[in-house]
Amino acid sequence: MKYQLATHSDTIDWRQEAECRKHYDLLRGGGDPWFPPPGKSTEVNDKALKICFSCPVQQQCLEYALEKKELKAGIFGGKTPTERQYIFKKQQQAKGIKTKTRKKRKAKTS
Ligand code: SF4
C-alpha cells in the first residue's frame, strides 16, 4: 500500500491523493476557493471546481461529504452544497428514508 494512516492500518487515505493539496497557493491571500466567503461563491468556486474535476479521488471526496453530511458549505467532490443536498436527498429516498422538507422543518420549529 502506498499510503497508510497509523489509526487505519488497512485503509488507504484517499486524502493523500487529493488534487487540492497541490494548490495551497490558492489559499494565500486569505481566500479559500473551496470555502469562499458568503456572496462570493459563484466566482470563486469555479477555481475549486476546475481542480476538483481533475482530482483522482473526486468520488471518495463526494462519498465522504455525503456520509459526514457536509451539505451546507464548501465544495466537496466537485459538487456545491446545493448539488450535494440533492444527491443526499435522492440517496435517502432510495433507501426509503423520508427527508424533512423546509415546510415540515419550519412547522416543527414554530
Ligand atoms: S474532489 Fe476537490 S475538494 Fe475533493 S479532494 Fe479532490 S480536489 Fe479536493
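How much accessible surface does the protein chain have, and what share of that surface belongs to carbon and sulfur atoms? The accessible surface comes to about 8400 Å², and 52% of it belongs to carbon and sulfur atoms; such areas are computed by the Shrake-Rupley method with a 1.4 Å probe, and for residues only the protein chains shown count as cover. This is a predicted model, in which local features need pLDDT of at least 70, side-chain atom pairs count only at pLDDT 80 or more, and totals for chains, interfaces and linings use all residues. Residues are numbered from 1 along each chain as its sequence is written, and side-chain values use heavy atoms, with hydrogens and water left out.

The protein chain has four helices and zero strands, in the order α-α-α-α along the sequence. Helices (H or I, at least four residues) and strands (E, at least two) are DSSP runs, numbered from the N terminus. Of the 110 residues, 25% count as buried, that is, under 20% relative accessible area (1.4 Å probe, protein chains only).

Glutamine 92 counts as buried because its relative accessibility is 12%. Leaving aside neighbours within four places in sequence, glutamine 92 is in contact (heavy atoms within 4.5 Å) with Ile97 and Thr99.

How values were computed: Buried means under 20% relative accessible area, exposed over 50%, partly exposed in between (1.4 Å probe, protein chains only).
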